[in-house]
Amino acid sequence: FNCDREKLQLPLHFILSYVTTQGYVVLSVPNGRSWYAELRITPPSSSNRVARLCHGWPEFSNDNNLEFGDVCVFKLLDKPEISFEVSIVRFAEWSRGQYATRLSGGTINDETGEPSSLDGFPAKEASGCMSIPSKTSQRPWTATEKARILDSIPFESEGPFCKVLMQRTYVGFNCKIVQLPIQFVMRYIKTQGHVILSVPNGRSWNAKLRITPPDGPNCEARLCKGWREFANDNNLKAGDVCIFKLLDRPEISFEVSIVSFAEWSKGEYATRLSGGTINDEIGEPGSLDSFPAKQASGCMFTPGKRRQCPLTYTEKARILDSIPFESERPFFKVLMQPTNAGFKCKQLQLPIQFVLRYVKTQCHVILSVPNGRSWNAELRITPPAGPKCEARLYKGWREFANDNNLKVGDVCIFKLLDRPEISFEVSIVRSAEHDSFRGSQDKL
């Protein structure tokens, strides 16, 4: 038998002998609660037929919290509809010899247990079967659960790094790839090619990094050729966490630290490497200047992070008004929205009144930060004339946003400088900072 998140494979000879047909079945547990599921035999006629429980099986599995290693004993009941009473033996029980209960009426072998006399049962009720769910039958982690798991594992480093929770498709003999955070790869590695994976004891493996499609808003980064060997040689399992630390070497190289499921689930992993700080997504070295572009930062993979609810006009105004800023030069404030920050961001909308009054035309602009670093961008006004025109920063904005690790909720203050070219000095107020501004004002 095999099992995954959506279905459970049952012994075919049992189904053909005692159930004989596909259709809906009733699954119940000893306390009386029941579920409907669909039994399918595919293909209907062939020497390679397979019997599976599909629709309804995920609900039964999740509601009963089935886990890898648990044993399900399916007892066919003497009822008009096809009904199974399912007894669940937990892995901890049978592995420690704590479960010694036997149901009356027959014996059990590896797959089927037959009653003393088959004549007393209708065909569909003449036997029973046992199935052991595979690890892939576990309910997939939600985005919140993945984030909580990654956040629970402490790790600090002077080099950039990312954390990846092993999924069932990333491990095992048939695994082919592991997906890496695309923001990290596109910003600091920037191209596909060969990479070196090493572990702390010094052993290393070659792998290939692919970005598919090579360009586009929906591209993904994967380690492919060589990943299977790394995963199997290190006995990776679903639920383990791999921490990829980018090394300061000419070739693209990662040192991979492995935290097993058993370690982080029991809170036994508390190792911290020296240097660096960590926030929700980015782990940055003490000085970015000491790293080439491909190594300037790192990220912890928190898949599926949901966008925040958009703020109302009043809420935005309240936030911006709470941030103190004074200057002899003209300036404006912009609150970062989901479309303005992140790897896929393309543009930033500016206050049209400010642009028409002080800039007046679309052109190339220079964006700088107080430490002196600068970026080129393009200012567009669309349509060029009309009551509904809008001003946006385009080409170059994505690089500025990503290089400065802008997040939704951060505030950028653009101060127009007195220079021949259009130049803005941009001060960044992080979300946590302006939250404290508002908190202090509320107390006044």
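At 34% relative accessibility, Y358 counts as partly exposed, a class that lies between buried (under 20% relative accessible area) and exposed (over 50%), as computed with a 1.4 Å probe on protein chains only. F354, by contrast, is buried, with a relative accessible area of 9%. The model is predicted, so local features are reported only at pLDDT of at least 70 and side-chain atom pairs only at pLDDT 80 or more, whereas totals for chains, interfaces and linings use all residues. Residues are numbered from 1 along each chain as its sequence is written, and side-chain values use heavy atoms, with hydrogens and water left out.

F354 and Y358 both belong to helix α9 (residues 352–359), where, being four residues apart, they are separated by about one helical turn; helices (H or I, at least four residues) and strands (E, at least two) are DSSP runs, numbered from the N terminus. Rings of Phe, Tyr and Trp (its six-membered ring) are paired if their centres lie within 6.5 Å, and a pair is called stacked when the planes are under 30 degrees apart, edge-to-face when they are over 60, and tilted otherwise. By this rule the count comes to 21 aromatic pairs. One of them, W57 with F60, is stacked, at 5.4 Å centre to centre and 25° between the planes; both residues lie in helix α2 (residues 57–63), three residues apart, and both are buried. The ring centres of F354 and Y358 are 4.8 Å apart and their planes stand at 45°, so this pair is tilted. Ring pairs also link F354 and Y358 into a cluster with F332, W375, W397, F400, F414 and F424.

The strands considered next form an open sheet of seven, in the order β18-β23-β24-β20-β21-β22-β19 and with mixed pairing, two strands being paired if DSSP finds at least two bridges between them. Its edge strands are β18 (331–335) and β19 (348–350), each of which pairs on one side only, and the twist averages 35° from one strand to the next. Helix α9 packs on this sheet, touching β18, β19, β20, β21, β22, β23 (411–416) and β24, and its direction makes about 105° with that of β21. Contact here means heavy atoms within 4.5 Å, while axes are lines fitted to C-alpha atoms, for helices over the stretch in contact, with angles running from 0 to 180 degrees between N-to-C directions.

Within the sheet, strand β20 (residues 363–368) runs antiparallel to β21 (residues 374–382), to which six bridges join it, and C363 has L379 in β21 as its bridge partner. Five residues lie between the strands of this hairpin, in which G372 takes a positive phi near 100°. β20 is also joined by three bridges to β24 (residues 423–429), and these two strands run parallel, with L367 opposite F424 in β24. Four bridges join β21 to the antiparallel strand β22 (residues 390–393), where E390 stands opposite T382.

A nonpolar core is a set of buried Ala, Val, Leu, Ile, Met, Phe, Trp, Tyr and Cys residues joined through side-chain atoms within 4.5 Å. Of the 36 residues in the largest such core, M166, L197, L223, W227, F244 and F254 touch the most other members. Helix α5 (residues 182–188) supplies the largest share of this core, five residues. A second, separate core of 30 residues includes L367, L393, F400 and L416.
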